[in-house]
Structure formats: structure tokens, C-alpha cells
2 protein chains.
Amino acid sequence: MYLYAIIPRLSTADVIRRFLSAFLVAYSLLEKGELIVIEIISEGGITSAVGFTAGSTYAGLKTEAGVPDLGIVLSDRPANSAATFTTNSIESPSVTASRERKTAVTSRGIVANSGCANCSVGPQGLTDAEELASLAGTHTGVSGKDLYVASTGMIGVELPMALIRQNITNIVLSDEGGTDFAKSIMTTDSKHKERAVSFKHDGKTVTLGGSAKGVGMIHPNMATMLCFITTDADVDAKFLQEALSEAVSLSFNMIDVDGDQSTNDSVIVLANGASGTAQIDADSEGSDNFVEALRYVCTELAKELARDGEGAQRLIEVIVEGAHTTEDAQKAAREIASSSLVKAMVHGKDPNWGRLVMALGKSSIPLKEGEIDIFISDIHIVHEGIAIPYLKDAVVSAMNSEQVDFRISLNVGECSATAWGCDLTEEYVIFNSAYST
Amino acid sequence: MYLYAIIPRLSTADVIRRFLSAFLVAYSLLEKGELIVIEIISEGGITSAVGFTAGSTYAGLKTEAGVPDLGIVLSDRPANSAATFTTNSIESPSVTASRERKTAVTSRGIVANSGCANCSVGPQGLTDAEELASLAGTHTGVSGKDLYVASTGMIGVELPMALIRQNITNIVLSDEGGTDFAKSIMTTDSKHKERAVSFKHDGKTVTLGGSAKGVGMIHPNMATMLCFITTDADVDAKFLQEALSEAVSLSFNMIDVDGDQSTNDSVIVLANGASGTAQIDADSEGSDNFVEALRYVCTELAKELARDGEGAQRLIEVIVEGAHTTEDAQKAAREIASSSLVKAMVHGKDPNWGRLVMALGKSSIPLKEGEIDIFISDIHIVHEGIAIPYLKDAVVSAMNSEQVDFRISLNVGECSATAWGCDLTEEYVIFNSAYST
């Protein structure tokens, strides 16, 4: 199945309206060989790309026995790597160790644990992160310095190294181990999250896949979670970092669950070149395909994180269009997706659009109140800054679905951005009132 | 009752420890005539100061019949005025009208309504705000241009001017009408909020009192609510604005209920000089007393707003000390008081201090992780960045009270700040899921 790879910025009704013209454009681009086509691999993940294996085990870090909590991803050869990390000024020593590894450019893989953030534990944290990498390296036959380290879970608790030493050797790596790995990084996630795509490059099929975990302490500003991506494309390291940074800014930096930002957030991508194609860099033909594939996987995983936000029942998609700059549009979209009152009104299926206006204004971007149009799940609610008559029941009914769309047209410029959030529910409060106890 | 007017920056245990030395300092200052002494007036409010009357009526703006929703405060003579308004880039035309009045420096009073924010209603909003002022002026015998206007309630709904025209004449002003007025500005507040103090100036007693309302869309960055303050002191207009801006930055800008920021927030102070004392300006002897009185009333009302946050059961006080700059301390204290995860953990009486560290780091202020000490309601939890053994039950028990204190010592500088928040409860979500419907 080949898809016209527009990352979904359009609402359902728009898609129907624009389908014919999109088809014609796509056809003409395809004729000219300029169309970006990526194939979604059903049930694909971090081991979909050639040359990557993964696996996990239960080491005893999580309280629930038998649930995987320690995982490894390995490339069979050195892979160019790129990464982005939390901007929280308190960071886990696991992040510190990964930052150091990023400077080496190439990497052989990742070792990750859940159940313990390895954060705020003093100098022991870095000692433990290094030992964790070293143990994983010994088990897989590579240097610990060639493995990224990632930890997620409770802050303020040391890694139980005795348990890790004893159990890490139980990890069996396989090229079908992607899902096992994806499960081992879950914390409060209700399900594991994987996505993979392939596209043609240099006449061959190239694959890119990833897994991610959320789902609390989720807020824009790199990165709010863990995400690992592998590809068998051969990608220039500098270009890889640029493409990742851009993809993260459009995906993980545009989601919000609770406005909080973790000390452990990391997005790491490994490109091992096992597909045997020519190297992709900024100037190479078809680099757009890679950029689009990376962006697609990041965006879909980011939406999965928002959809699975703690206690969430609905995904919120906020499109701000007609802004002066993309930065303005991003700022406003994030502000709306992050608002507690907006999240609560989505939970209540309440078209209380004044809260959208409040959050929009709070972003302090330049706007003209008399130019603003607002659509809730494609129903026109506000025109030129004033409420227009609409059937409230129709809006309530439209909001009673798994996804609620807010589209705000500022009508002062040409730039747009999309952000995602989730509704705020009683379950979020109940859940987070008793996480450690 | 005379009080040593330290605005409470100290925790209970500290107070006990420092009481003796404070007493000695106070005594020596009193001897030298340098002690700031303010008297708290029990049940005082906006009509405690001489020359101010107030009243309210039910005009039909609120859905619950008979509850006051339209109020007036009047000075019997022109009063110097100062004000701060919302920084939300979408603002109510009622705020726009008040901004214009602020330029006139002197004012005769305030007309305020609840039940309707008069916001996002197009040009009609300013027309209605002006008519509201004009009607109030006609009823009280002053010019509408001499009355500030304030509105609070639903966004996107026009003021029902027919109801206001019909009912505004029912307002009876009296020097005991402060509480009636305070009730007329309530929206989701569970109780009205008033505070008044007096102090000596120029050998006479001067009084300052105010009322405020919250309690949703409450977040730092001026102003998040309505607050009106009156005083019979004669205060230089420029000095009045400086003192107000500083008091607001230490009080209303340091509280958070839900991270959202209203389109209608206003703090207005009127100083009519009816006490007959010499004018207070920056250089006059005893101006410290006025500054302290204003700060006290603002801080106490701000804490009342946080305590009465929608669904809240506990007040959170966050003290950040030992920062490089006051701005750093404020930023960190506000970030912690605003964190959903911190609010939820207070609701659950859960000493999950990793969330304090997360929120502290999210503020991005300069700090040294290995220097941080953390106290929860005076129990030492973290020393030099690492958890120290503590009896968890003791902390849970300490958190099971009406106020929970977090004190974070950064130990890198000499500056400190205090912020206030409230816990996040299921009731907040239930309440805000169905506010307009």
C-alpha cells in the first residue's frame, strides 16, 4: 500500500473536499518522480529495519512481577546516530551518559530500563548508568561505550544494580524482538507503541521504525518521553541530526499531557546502512523521502503518546493557521493543547470556546481578535471573533468521539502548526495522587 | 492587636526558632520608631476606609436567582487610582474601558458584574462596557468616565444590557456594603474574600481594605482574577502605581490554580485621602507602612484565591531560597506551584519529591543538583540532592492538613521567593468538564 504522505494536517471534511485536487497533484508529481511515497508496515517497530535485533527481560525493577523492564536494541554494525535530550536543568545521569555517547557519532545500540529514572541519586547515578551500559555491552559483545543508556520511572531511587547484574543475561536478542523491547520501556502507558515505514531509495527498499513510551510529565520542549528509532538507511550523521531535530520539533515538542517535563526524556535514532543503499545527506536525491518517513514515525508515535496520556479518553488535535510565523502558530497551538481548562472541557464534551480564546491570548502572539475563526471538529463556531449561531447538540455530538479537533484561523498570515493533547479526566487525578504510594 | 508585619515567608518551625530574635529586633525597631505595624481589621473590606460606600444587586446575569451579580464601589471624592491588568492578548472590552480610565489618574469608583465576561463579543463589548459605566454613573451621580469597569464570567456572551438597565437602580450604596459588593463579584468562588488593615500615618489612623474573586483561570502573570482595594490614605498617584505593581508581583502573580490566564483580570486601587493625613509618596516618612499594608492585603487575598481554587482542598506554599536572584527564585517557586503532578501529589498526600525536582529543573534556573535541600512541611527529605532516610508516615501525616509547605534550598545564592498553589482534585475536573453546560 502506497500512501500520499501528507502528514495529517487536514480535518476530515477538508480531506473529502480536497481529495480530488490532492489526487491530481499527486498523480502529476508521481509522473515527474517528485512524489514522496512511504509505506506503512503493519505491526512494524524497532526491529523492522535490517540489521537490528532487540529483546527484553523482567529484572525486578517494576513492582508487577514478570512484566519486562530491561531491554536492549542492537545494530549488527556501527550505526550513525543522532539524539535530542531533555532541556530540564535536572537530568538523569542516564541522559548524561547518552549525551557523552552522542559525541562519538556512531553507536551499536541502546540499553533501556523502566521502573527507575536513575535521577536525583547523586554521583552513584552515573556510576550505575555506566555499569548498566557495560553489562549490556558484555552480554551483547560490544563496548559499553557504544551503547546509549535510557532510564524511566521513579525519581530519587537508585538503580537496583544487583538485580540488573543477575538478570540482564536473560535478554535474548532477535530480529522479531521489537515488541518485547517496546513493552520493556512502558511505565504508566496502557499499551506499547510502535510504528514503522519503508520507502524506496537508490532503487532499494529502506525501512525506518521506532518505539516510544509516555505518558506522564508530557509537555512541549523536548522531549517529554523516550523514543528510539532505527533505520537501515545509510544516513550522513550531520543530516541525521538535522532531520531528527526538525522531526522532534514538529512531533514530540508539540504534544502535552500535563504540562510537566521529565528529567529523562530522550529521542535516539540509529542509522546502520544495512539496506546497502547510497548514503543519504541533505543534497542527495530522495532525501525528502527519508525526512518524511522520520517525521511520519515521530508524529504518529507522538500522537500515540498524547492519546494514551494518563487517564485520557480523547485525543485533542489543535491546528492554528493563518499566523504571521510558524513559531507563532506553534506557540499558540501548544498553549491551547496544554490548557487544563481546554482539556477539561473536552472531557465534558462542552463547546465552551471562550477557553480556546483565553488560551490563544495567553500565548501572547500577535493577532487580531476581529479576524479569528474557530472550528470545533469542523463545525464553524466563531466568525471574525464573534460566536455564530450553531446547533450546540451537534457540536457536543461531534466532540463525543475519540478525537476532537480545534482549528483556529487567525487570518493574519500564512503560517500554520499542529499540536496534540488529551483530555483531563478524574482518572488523571486519581492516578497521580497515588503514583509512588 | 498590633502585629509585626513580616509577610509569612517562614515555616512554622522556623518561626518558633526565630521568635525570640525577631522579638528583640522588633523591640529595638519599635524603640527607634522604625517598626512597621499594621492592624488587621476583623471582617473589614472594601468599605472599611473612610469615604467609600458600596452595594450590589441581582440583575439576572447569574443563573441562580437572587444571588448578587452587579456591584458598585464609590468614593465620596475623587481618588488617586492605580491598576494592573491582564497580559492576555485577548482582553475583555471592560478591561479596555478601565485602561482608558487609568490614564485619568483620579477616579470615583468601580462598577463590576459577574456572570458574563463581556469578552469575545466584537465591538458591542466596548459599547456595553461604556453604557454600564454610564448607567452606574447616572445612578450614583458621577460621570461614567470616572468609574472603572470590571466583568467576570462566561466568555463569548454579550452583557444583557436590558437587565442591567432595569436593575442597576436597585443598588443601595452604604458604608457597610463591602460584603454585599464582595459577594456580587463571585463566580465559582465558594466564599467571598475580604481583608482590611489599618496603620498610623501622620499621627492618624489610615485604613486600607479590599475584596477579590477567583478561582479558575488562575496563573502567574498579572493578574488572574479581580481585586479591588480602597484606602482613605492620600497617596501620590505615581507612588501608588509603583507600590501596587510591586505588591501584585509578590502576591497575585505568585499564585496558580490551573495554569490558565483570564482575559478579564484586573487589580484596581483607589486612594481618596479621606483620612485627612499628609500625602504619602516614595520619600515620605512612614511610606513603608503603606507599602506593607498594601502588600499584606494583596498577599492574604492572593492566598485566599489559591486556597479556594476550583475543587481545592489544600493550600500549597512553595518557598525557594538560596537562589542567585529573586527572579530565579520566583520562576522556580511558580513552576513548582503550577505543576499538575505536584498538585496531584499534594491531593494524594504523597511525598513523591521527585516531582518537586522535576518542576524545579523545568524552570531552567541555574542550580547545582548536589547542593539542593528539600523540606516538606518542615521535614527534611533531601540533603545535597539525595534522599535522606525519613519516616514516610510522618510526612504523609504532615501533608494531611489544610496547608502543605515545600521549602527548597538551592544553596547557591541569597535570594528567595514564595508562591502559592492548591491541590488538583477530581472535583476540579468534574467541575470544569461542565461549566458552561
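A residue counts as buried here if 20 or more other C-beta atoms lie within 10 Å of its own, and as exposed if 12 or fewer do. With that in hand, here are some close-up views of this predicted model.

**View 1. Helix α8 of chain B sits among its neighbours.** Let us start with helix α8(B), which covers residues 326-338. Of its 13 residues, 11 are buried, so the helix is largely enclosed by the rest of the structure. You can pick out the buried ones by name: B:Asp328, B:Ala329, B:Gln330, B:Lys331, B:Ala332, B:Ala333, B:Arg334, B:Glu335, B:Ile336, B:Ala337 and B:Ser338. They pack against the strands β10 (255-256), β12, β16 and β17 of chain B, and also against the helices α9 (340-347) and α10 (354-362) of that chain. The length of α8(B) can be checked too: at 1.5 Å a residue the helix should span 18 Å, and its end C-alpha atoms are 18 Å apart, which agrees.

View 2. One place to look is B:Val320, whose bridge partner in β16(B) is B:Ile408. With β17(B), residues 415-422, the pairing of β12(B) is antiparallel, over 7 bridges. There, B:Ile316 has B:Gly421 as its bridge partner. As a guide for the eye, side chains in a regular strand alternate between the two faces of the sheet.

**View 3. A loop residue, B:Asn400, is in view.** Look for B:Asn400 in the loop between α11 (392-399) and β16 (403-409) of chain B.

**View 4. Helices α6 and α7 of chain B cross.** Helix α6(B), residues 237-250, packs against helix α7(B), residues 287-307, at an angle of about 40°, with 9 Å between their axes. The crossing is right-handed. From α6(B) come B:Ala243, B:Leu244, B:Ala247, B:Val248 and B:Leu250, which meet B:Phe290, B:Val291, B:Leu294, B:Arg295, B:Cys298 and B:Thr299 of α7(B). This contact has 9 nonpolar, 1 polar and 1 charged residues.

**View 5. An open sheet runs through chain A.** Moving to chain A, follow 7 strands in the order β10-β17-β12-β16-β13-β14-β15, with mixed pairing. At the edges stand β10 (255-256) and β15, each with a single partner strand, so one side of each is left without a neighbour in the sheet. Within the sheet, β13(A) (373-376) and β14(A) (379-383) pair in the antiparallel sense over 3 bridges. A:Ile374 and A:Val382 are bridge partners in this pair.

**View 6. Chains A and B meet.** How many residues does each chain bring to the contact? Chain A brings 54 and chain B brings 55. On the side of chain A that touches chain B, α9 (340-347), α10 (354-362), β15 (386-387) and α12 (426-433) each supply at least two residues. Helix α10(A) gives the most, with 7 residues. By class, this side of chain A divides into 22 nonpolar, 26 polar and 6 charged residues.

Key. Residues are numbered from 1 along each chain as its sequence is written. Chains are lettered from A and ligands numbered from 1 in the order in which they are written. This is a predicted model: local features need pLDDT of at least 70, side-chain atom pairs count only at pLDDT 80 or more; totals for chains, interfaces and linings use all residues. Helices (H or I, at least four residues) and strands (E, at least two) are DSSP runs, numbered from the N terminus. Two strands pair if DSSP finds at least two bridges between them. Two residues are in contact if their C-beta atoms, placed from the backbone, lie within 7 Å. Ala, Val, Leu, Ile, Met, Phe, Trp, Tyr, Cys and Pro count as nonpolar, Asp, Glu, Lys and Arg as charged, and the others, Gly among them, as polar. The expected span of a helix is 1.5 Å times one less than its number of residues. Axes are lines fitted to C-alpha atoms, for helices over the stretch in contact, and angles run from 0 to 180 degrees between N-to-C directions. A crossing is left-handed if the near helix is turned anticlockwise from the far one by less than a right angle, and right-handed if clockwise.
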